[in-house]
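Subject: The two-chain model, with notes

Hi,

Here is the structure I promised to send over. Please open it next to this email and read along.

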2 protein chains.
Amino acid sequence: MPAQPGELGLLRRIRERAKDFGGARLRLGIGDDCALLKPRSGEELAVTTDLSIEGRHFRLDWHPPESIGHRALARGLSDLAAMGARPVAIFLSLGLPRELTVPASRGRSAMSRPWIDRFLDGFLALAEAFKTPLAGGDLAESPLAVADIVLIGAVARGRALLRSGARPGDLLYVTGSLGGAAAGLARLASLARDASRPAAPSGPPGSLRIPEELGQILAPHLYPRPRIAPGLRLAGGGLATAAMDLSDGLSTDLAHLCDESGVAAEVDAAALPVHAGATLEQALHGGEDYELLFTAAPTVRIPRSFAGAPLTQVGRIVRPRKSRPRVALITAESKAALEPRGWEHFA
Amino acid sequence: MPAQPGELGLLRRIRERAKDFGGARLRLGIGDDCALLKPRSGEELAVTTDLSIEGRHFRLDWHPPESIGHRALARGLSDLAAMGARPVAIFLSLGLPRELTVPASRGRSAMSRPWIDRFLDGFLALAEAFKTPLAGGDLAESPLAVADIVLIGAVARGRALLRSGARPGDLLYVTGSLGGAAAGLARLASLARDASRPAAPSGPPGSLRIPEELGQILAPHLYPRPRIAPGLRLAGGGLATAAMDLSDGLSTDLAHLCDESGVAAEVDAAALPVHAGATLEQALHGGEDYELLFTAAPTVRIPRSFAGAPLTQVGRIVRPRKSRPRVALITAESKAALEPRGWEHFA
């Protein structure tokens with residue numbers, strides 16, 4: 001990996017690697033003032049941005065660079081999935097400390113590949129899995145590592161899944177299982193605590209050794225899979241009345257869906273598909289599972305799974321009343337308000 | 001300004017303020033997983049992202065918050081101008097230290113408006129000037145202030161101005177004048193040096209008092225005007241063979257244009273429209289002027305100004321030869337290589 005120094009060298013390397021992905025709707029990619037997209041007639045474009053910041057969304061010492069690249073992109077893809085959109089183009093604005101752009105020395109004379117190359121490995125592998133080209137972005141030197149992802153997707157006109165369409169009587173569903181990402185993060189944190197010595201509480205970037213046998217437990221946190229295919233099925237079939245992705249935690253995200261739809265909701269604790277190894281608390285408030293939360297009319301038949309994702313009915317939408325919490329959690333013993341306790345910045 | 005705390009309160013305030021701007025092509029704005037755009041048939045969409053980072057692109061102690069918001073957005077608008085695109089939608093990913101989101105105490109008991117509100121003043125005033133809605137984005141707590149701007153514009157199919165279309169024999173033009181931003185930045189830096197005392201080398205955010213009489217000198221740096229209207233004229237009239245915006249400095253940007261077009265260029269030093277108060281060096285390498293650099297066939301009549309922007313012929317495109325620099329500067333005394341000495345990250 002002949003790491004040509006400077007912004008131009010970096011740009012050239014990224015452009016080379018981005019070339020591998022074609023995209024019918026992308027007329028002009030990296031290299032000009034803007035990229036050019038050619039939407040098909042009858043299509044709307046869905047646009048989302050997701051900011052990932054060192055120390056907030058990832059830790060350089062804990063997270064493998066490949067995971068940081070993967071997770072940054074997964075957040076944006078998941079927003080497209082939640083709208084039922086097909087990914088069309090990716091933009092990446094990357095601010096990095098200089099040392100992450102050059103080979104790092106690893107003891108003796110061995111030099112490892114630059115951090116950014118491994119970040120791109122994870123980023124571009126996920127982009128390739130969804131056949132979506134990296135079409136542009138920006139690059140800057142920064143004391144702190146930051147990555148802003150822009151995703152553009154296409155959806156047939158009027159077919160996009162919104163947060164605002166849920167109606168009283170609708171049933172509430174989730175894809176996959178919940179709490180796996182939070183459980184994985186807790187395991188990663190304990191691994192990091194065990195590995196740290198008092199003299200060096202946080203190691204250099206990507207230094208935490210992750211034992212192979214932990215791969216499966218950490219995967220929901222390190223390498224979440226956005227639910228693009230289920231989202232396309234929901235939108236294409238006109239099955240869902242509302243949808244969003246579970247990024248901040250069910251308790252917080254469901255409250256947003258209720259606010260946007262002007263409804264209330266009830267969640268059945270016993271019905272929740274809690275991820276193996278996760279707790280009910282992690283399933284309710286954990287966040288970053290990137291599963292889809294959606295509502296459908298009770299007359300619509302929702303299969304037990306589609307496009308590889310299990311589907312589980314976890315509750316229902318009800319009329320909002322002053323005497324009733326916005327979101328209630330129903331257990332064998334009680335029915336109580338489920339307060340939003342997921343992720344909130346500046347809280 | 002009742003500053004509701006937390007991410008949700010902030011989002012609500014931004015959403016309220018963003019509501020004032022309509023956009024025919026924007027079907028769904030802030031509040032869902034994605035925004036939805038409805039392009040018109042026969043249109044292509046131009047997309048650009050621009051990252052602004054504290055300490056790199058702006059200084060919290062030097063720059064008024066309104067200027068930081070204005071400049072962040074101006075960078076993206078200028079990229080659209082360079083493609084000849086009409087702005088359609090803006091996305092803003094903002095990472096901020098918590099103290100910039102709450103009112104700051106200013107001596108005694110007087111409380112000033114939160115930094116973010118003044119940032120939005122500058123940002124939204126420029127958005128309004130170009131009737132472009134803020135359609136979405138992301139918000140995160142961050143130890144460092146970062147703003148990534150995404151601009152989406154519309155341009156008639158096949159009409160976009162590219163960097164790659166310049167041909168030997170074409171004439172080289174710029175809009176407006178050059179070096180004004182660099183001269184303004186130098187003046188701002190000397191003002192900051194004069195204001196600082198040894199005990200407090202950098203003041204709190206937005207603390208540098210800028211005397212009113214300096215407004216005009218600093219304006220090209222603090223409040224640059226993107227050349228949207230001239231860009232639209234160039235693209236609409238099919239006048240230019242290539243175009244880009246001058247963000248990194250003429251010497252660096254012209255080298256990019258030559259690379260993308262596979263040509264060389266000659267610049268006439270005497271013809272350069274050097275901004276009043278700026279030096280030739282600042283005009284050649286200064287950057288951040290956000291003027292347009294474009295080429296046109298010699299047979300095309302380019303007026304002395306259009307859409308409010310003076311137009312000046314500053315050189316010509318020539319065939320690339322091994323014996324010839326990619327970009328040459330011609331003065332009364334000599335013809336010598338003009339090396340790229342504008343801004344480059346990781347340099």
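Below are my notes, starting with the conventions and then going from the chain contact to a single proline.

This is a predicted model, in which local features need pLDDT of at least 70 and side-chain atom pairs count only at pLDDT 80 or more, while totals for chains, interfaces and linings use all residues. Residues are numbered from 1 along each chain as its sequence is written, and chains are lettered from A and ligands numbered from 1 in the order in which they are written.

Where the chains meet

60 residues of chain A are in contact with 60 residues of chain B (contact: C-beta atoms, placed from the backbone, within 7 Å). Several elements of chain A supply at least two residues each to this side, including helix H1 (6-18), helix H2 (65-83) and strand E10 (242-245). Helices (H or I, at least four residues) and strands (E, at least two) are DSSP runs numbered from the N terminus. E3(A) gives the most, with nine residues. By class, the side of chain A that touches chain B has 30 nonpolar, 13 polar and 17 charged residues. Here Ala, Val, Leu, Ile, Met, Phe, Trp, Tyr, Cys and Pro count as nonpolar, Asp, Glu, Lys and Arg as charged, and the others, Gly among them, as polar.

Six strands form an open, mixed sheet in the order E7(A)-E4(A)-E8(A)-E3(A)-E2(B)-E1(B) (strands pair if DSSP finds at least two bridges between them). Its edge strands, E7 of chain A and E1 (26-28) of chain B, each pair on one side only. The twist averages 20° from one strand to the next. Within chain A, E3(A) and E8(A) run antiparallel and are joined by 11 bridges; A:Val47 has A:Ile152 of E8(A) as its bridge partner.

Domains of chain A

The domain assignment gives domain 1 (11-156) and domain 2 (163-183 + 222-337) of chain A; such bounds come from an automatic or database domain assignment. Their centres, taken over C-alpha atoms, are separated by 28 Å. In the contact between them, 16 residues of domain 1 meet 16 residues of domain 2. On the domain 1 side, H2 and E4 of chain A give two or more residues, and H2(A) has the largest share, 11 residues. That side has eight nonpolar, four polar and four charged residues.

A helix pair in chain A

H4 (residues 180-195) and H5 (residues 215-222) of chain A pack at an angle of about 115°, with axes 7 Å apart. Axes are lines fitted to C-alpha atoms, for helices over the stretch in contact, and angles run from 0 to 180 degrees between N-to-C directions. Among the residues making the contact are A:Gly184 and A:Leu188 of H4(A) and A:Leu218 and A:His221 of H5(A). By class, this contact has eight nonpolar, three polar and one charged residues.

One proline in chain B

B:Pro226 is in the loop between H5 (215-222) and H6 (228-236) of chain B. Is B:Pro226 buried or exposed? B:Pro226 is buried, because 26 other C-beta atoms lie within 10 Å (buried: 20 or more; exposed: 12 or fewer; partly exposed: in between; C-beta atoms are placed from the backbone). Its C-alpha atom is separated by 4.8 Å from that of B:Ser78, 148 residues apart along the chain. Leaving aside neighbours within four places in sequence, B:Pro226 is in contact with B:Ala74, B:Leu77, B:Ser78, B:Ala81 and B:Tyr290.

Best wishes

Note on methods:
Two residues are in contact if their C-beta atoms, placed from the backbone, lie within 7 Å.
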